[in-house]
2 protein chains.
Amino acid sequence: MPKVSTDDPSAAFFNVYQALRKDILAGSLEGGQALRQDDIARLHGVSKVPVREALRRLEMESLVEFRPRRGAIVRSVSDDDLLEMLDIRIALECRALELAIPNMAESDFELAQEVLDEYQASPDKELWSELNRRFHACILEPCGNRQLLSLINDFEQRVGPLVRLRVTEATGLERPMREHTQILQSCRDGAVNDAVSALRIHIETTKREVAASIRRRNISR
Amino acid sequence: MPKVSTDDPSAAFFNVYQALRKDILAGSLEGGQALRQDDIARLHGVSKVPVREALRRLEMESLVEFRPRRGAIVRSVSDDDLLEMLDIRIALECRALELAIPNMAESDFELAQEVLDEYQASPDKELWSELNRRFHACILEPCGNRQLLSLINDFEQRVGPLVRLRVTEATGLERPMREHTQILQSCRDGAVNDAVSALRIHIETTKREVAASIRRRNISR
DNA sequence: CTTCTCACAATCGTATACGATCTGTAAATT
DNA sequence: AATTTACAGATCGTATACGATTGTGAGAAG
């Protein structure tokens with residue numbers, strides 16, 4: 001018996017962290033909601049120490065906010081915050097693509113094309129956002145900059161669900177598909193500037209859609 | 001008697017966090033060095049709980065690394081990591097400048113010019129890096145994107161000291177001064193593309209200097 | 001009926017306590 | 001002599017305990 005001891009060393013902290021993060025990103029927890037340490041601890045069958053570590057980590061991610069002597073609350077993402085994050089995403093993804101293109105091999109193009117084909121074939125709206133995510137990951141991954149890819153991934157996880165709430169349903173399949181195809185073609189051609197500006201316009205369009213959605217909601221109040 | 005109660009609420013955690021962060025960024029703690037929780041706790045006159053919270057926060061910043069059951073160590077920044085961070089800095093600062101220029105007022109130009117004048121007048125090498133930091137902050141601040149500025153600031157704090165170790169002494173005053181002047185002039189002209197590509201070249205030059213320094217060190221081993 | 005005061009419950013932030021695991025050293029075995 | 005085993009000290013990760021602070025509701029004053 002190996003007795004590999006699958007027991008995670010600092011598992012308690014990490015489990016709480018992941019659970020809270022998942023719930024916050026999924027939107028199950030409303031912004032401003034108080035996160036009582038004792039409750040969370042009991043819920044996960046641990047004590048407060050790992051809970052506080054998890055909350056501190058989430059605080060660093062700006063997912064929760066500590067108020068002195070009043071504990072942690074779920075940080076609500078304002079409209080401005082969301083638009084700011086989209087601007088940052090433009091910066092990060094465009095740079096990544098710029099660095100990625102010179103490194104792309106034929107197999108990268110094929111992989112990206114497969115994702116687009118799957119996209120085309122999928123009637124399921126639920127899958128679109130996942131396929132969109134995979135396409136972006138696919139063309140950016142060759143950049144070889146792990147920290148950059150990690151940053152992009154973090155922002156995607158925070159921005160993605162919020163954007164999906166507003167535009168994915170409305171935007172349809174046609175426009176993103178056309179833009180993705182054009183980006184991939186420019187990558188194939190090694191046309192760095194064309195590809196980057198196509199990607200930039202692609203994300204800027206999303207940003208404008210989000211801004212429009214926000215505008216409409218604010219007007220109709 | 002106001003009895004404002006200057007006592008910080010969660011001061012213990014924050015003091016430890018800032019002290020450790022300062023030491024790590026300043027390089028007083030070598031990469032790989034073990035950070036013993038009990039020692040740090042005794043040193044700051046607190047218990048382990050705030051220490052662990054501080055370490056978790058530093059872990060999120062990739063400044064320390066937790067090894068299961070073996071505690072935390074100072075994360076050493078590899079040469080590749082440093083070059084990666086400079087690439088990210090290019091992405092972030094160029095985007096910030098692009099967003100900033102349309103928002104710049106005359107007073108912004110004046111402020112930036114003052115920094116450059118101070119630069120010119122300062123014979124003190126120690127001040128150059130600080131003035132360089134202030135110039136960058138100055139022209140990027142009008143972008144109005146708080147999260148972006150915060151990200152840029154984080155990277156500056158991590159990259160700055162490491163870059164300074166290698167290039168500041170060698171590069172002199174003339175080249176940065178010329179590049180800064182040109183960037184500011186393009187900003188004044190509202191020439192966004194010129195300003196951004198000048199800034200990009202400015203940072204890329206730094207990256208090349210760092211890469212050259214690394215190369216030389218590796219060859220002579 | 002409204003507003004202020006005050007005590008009590010709830011919660012936070014941190015210290016202390018304790019089992020589990022790791023590391024280093026010295027004896028024991030091959 | 002080299003490698004393995006055994007044991008002790010150190011350290012980690014977490015649970016429990018406790019003072020401090022803040023919100024809250026009942027009762028008194030206006």
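The sections below treat the basis of the model, the fold, selected elements and the contact surfaces.

## Basis of the model

The model is predicted; local features are reported only at pLDDT of at least 70 and side-chain atom pairs only at pLDDT 80 or more, while totals for chains, interfaces and linings use all residues. Residues are numbered from 1 along each chain as its sequence is written, and chains are lettered from A and ligands numbered from 1 in the order in which they are written.

## Overall architecture of chain A

Chain A contains 9 helices and 3 strands, where helices (H or I, at least four residues) and strands (E, at least two) are DSSP runs numbered from the N terminus. Along the sequence these elements follow the pattern α-β-α-α-β-β-α-α-α-α-α-α. Taken along the principal axes, the C-alpha atoms of chain A fill a box of roughly 65 × 55 × 30 Å.

Of the 221 residues in chain A, 30% are buried. A residue counts as buried if 20 or more other C-beta atoms lie within 10 Å of its own, as exposed if 12 or fewer do, and as partly exposed in between, with C-beta atoms placed from the backbone. Among contacts in chain A between residues at least 6 apart in sequence, 73% join residues at least 24 apart; a contact requires C-beta atoms, placed from the backbone, within 7 Å.

## Helix α6 of chain A

Helix α6 of chain A covers residues 125-140. At 1.5 Å a residue, its 16 residues should span 22 Å, and the end C-alpha atoms are 24 Å apart, which agrees; the expected span is 1.5 Å times one less than the number of residues.

The buried residues of α6(A) are A:Trp128, A:Leu131, A:Asn132, A:Phe135, A:His136, A:Ile139 and A:Leu140. Viewed down the axis of α6(A), these buried residues fall within an arc of 160°, so they line one face of the helix. The arc is that of the directions from the helix axis to the C-beta atoms.

## Sheet and hairpin

Strands of a sheet pair through backbone hydrogen bonds, in either a parallel or an antiparallel manner. In chain A, an open sheet of 3 strands has the order β1-β3-β2 with antiparallel pairing; two strands are taken to pair if DSSP finds at least two bridges between them. Strands β1 (34-35) and β2 (64-67) of chain A stand at the edges, each with a single partner strand, so one side of each lacks a neighbour in the sheet. β2(A) is joined to β3 (residues 71-74) of chain A by 4 bridges, and A:Gly71 is the bridge partner of A:Arg67.

In chain B, 4 bridges join β2(B) to the antiparallel strand β3 (residues 71-74), with B:Gly71 as the bridge partner of B:Arg67. β2(B) and β3(B) form a hairpin with 3 residues between them.

## Non-glycine residues with positive phi

B:Arg69, in the loop between β2 and β3 of chain B, has a positive phi of about 60° although it is not a glycine. B:Arg69 is exposed, with 7 other C-beta atoms within 10 Å.

B:Ser62 lies in the loop between α3 and β2 of chain B. B:Ser62 is likewise not a glycine and has a positive phi of about 55°; it is partly exposed, with 13 other C-beta atoms within 10 Å.

## Contact between chains A and B

The contact takes 26 residues from chain B and 26 residues from chain A. On the side of chain B that touches chain A, α3 (48-60), α4 (79-100) and α7 (146-171) of chain B give two or more residues, and α4(B) gives the most, with 10 residues. This side of chain B divides into 13 nonpolar, 3 polar and 10 charged residues. Ala, Val, Leu, Ile, Met, Phe, Trp, Tyr, Cys and Pro count as nonpolar, Asp, Glu, Lys and Arg as charged, and the others, Gly among them, as polar.

## Surfaces near the DNA strands

DNA strand C is surrounded by 23 residues, the closest being A:Gly71, B:Ala12, B:Val46, B:Ser47 and B:Arg69; a residue is near a strand if its C-beta atom, placed from the backbone, lies within 6 Å of it. By class, this surface has 9 nonpolar, 5 polar and 9 charged residues.

Around DNA strand D there are 23 residues, of which A:Ala12, A:Val46, A:Ser47, B:Gln37 and B:Gly71 come nearest. Elements that give two or more residues to the surface near DNA strand D are α1 (11-26) and α3 (48-60) of chain A, together with α2 (37-44) and α3 of chain B. The surface near DNA strand D divides into 9 nonpolar, 4 polar and 10 charged residues.

Notes: Two residues are in contact if their C-beta atoms, placed from the backbone, lie within 7 Å.
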